[in-house]
Amino acid sequence: MVGRSASCQLSLEDPLVSRRHALFIVTADGLWIEDLASRNGVLVNGEKIAERTQLSAGDRISLGDQELTVSVPGDGANNDTISEEMFAGVRPESKPSGLSSTGRFDGSPAAEPETNTYRRGDALEMLTGVGEKALAMGRVDEALRLVGTLLVDVMESCRNGKHPVPALVDVVGRFAAKLATATGKGSWVDYVVELYELEGRPCAGPVVDELYSAFRRATDVDLPKFRAYVGSLRPRVATFGPAEKFLFHRLEGLERHAGLR
């Protein structure tokens with residue numbers, strides 16, 4: 001569902017878009033779009049549609065002043081990786097298991113990601129942005145369906161020594177910290193701690209900000225694990241630049257705060 005309403009899976013802040021403007025439908029036969037009697041209609045490749053319309057790769061959909069382009073996964077083995085750009089050419093050998101709503105690995109199959117989704121930074125920001133909207137509305141399961149595979153892939157790559165680019169780690173870390181705040185589950189804080197411990201660096205600024213909120217909400221954070229992470233950084237503080245030193249001191253402050261609870 002696409003529209004201005006916060007109840008839509010894709011919410012667009014555009015006065016020309018109706019509250020419930022259009023519906024995307026995925027079937028065994030492909031991808032379709034339907035106009036939900038919107039005020040300004042739905043255009044596909046510049047033509048206003050009057051009924052449910054099937055879409056193809058490259059089709060342009062106009063909703064108010066917003067334009068979306070249909071993208072499909074590549075064929076063959078390329079679908080096994082998030083992105084060559086994000087992982088510097090490293091491809092995982094197999095798809096990892098899914099995450100449970102607690103943030104722990106539960107052995108369930110992970111949803112298949114669309115490879116092209118992660119090839120551009122704006123697409124990644126859109127994906128996590130929609131996930132954050134779902135969290136804000138209390139739809140944790142929906143947020144995990146959107147971003148869960150990415151969370152698993154990034155963690156598994158780091159565990160295997162195949163490090164994604166720092167920007168991707170920071171996006172995933174921030175989302176996991178938001179999950180901790182939204183659910184009150186400390187296992188998501190543990191996820192963030194392990195992620196950055198494997199990276200061997202302080203959490204990014206927005207991640208630290210969210211961790212302060214998460215620590216206030218979560219009651220089952222693995223505090224020894226967090227202290228061990230901060231302790232692993234301490235011997236290398238002299239090698240950090242000013243920004244990393246500042247982030248490290250903020251983590252120390254969070255460590256002291258956690259110790260008082």
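User: Let's start with A37. Where is it?
Analyst: A37 lies in the loop between strand 4 (30–35) and strand 5. Keep in mind that this is a predicted model.

User: Is A37 buried or exposed?
Analyst: A37 counts as exposed, because its relative accessibility is 73% and the cut-off for exposed is over 50%. Its phi is near 55°, a positive value in a residue other than glycine.

User: What about N45, which has a positive phi too? Where is that one?
Analyst: N45 is in the loop between strand 5 and strand 6. Its phi is about 55°, although N45 is not a glycine. N45 is partly exposed, at a relative accessible area of 34%.

User: How many bridges join strand 5 to strand 6?
Analyst: Two, with strand 5 covering residues 42–44. L43 has K48 as its bridge partner in strand 6.

User: And what stands opposite L43 in strand 8?
Analyst: That's S62. Strand 5 and strand 8 (residues 60–63) pair over three bridges, in the antiparallel sense.

User: So what does S62 pair with in strand 9?
Analyst: The bridge partner of S62 there is E67. Strand 8 and strand 9 share four bridges, again antiparallel. In their hairpin, two residues sit between the strands, and G64 takes a positive phi near 60°.

User: Switching topic: which residues touch the most other members in the largest nonpolar core?
Analyst: L151 and Y191, in a core of 48 residues. Several helices give two or more residues to this core, including helix 2 (121–136), helix 4 (166–183) and helix 8 (242–259).

User: Which helix gives the largest share?
Analyst: Helix 3, with nine residues.

User: What does Y191 touch?
Analyst: Leaving out residues up to four places away in sequence, Y191 touches L151, V154, M155, V172 and A176.

User: What else is there in the way of cores?
Analyst: Another core, of 15 residues, lies apart from the largest one. Among its members are V17, I49, L63 and L68.

Notes
Residues numbered from 1 in each chain as written. Predicted model: local features only at pLDDT ≥ 70, side-chain atom pairs only at ≥ 80, totals over all residues. Heavy atoms only, no water. Pairing = 2+ DSSP bridges. Core = buried A, V, L, I, M, F, W, Y, C linked by side-chain atoms within 4.5 Å. Buried < 20%, exposed > 50% of the residue type's maximum accessible area, 1.4 Å probe, protein only. Contact = heavy atoms within 4.5 Å.
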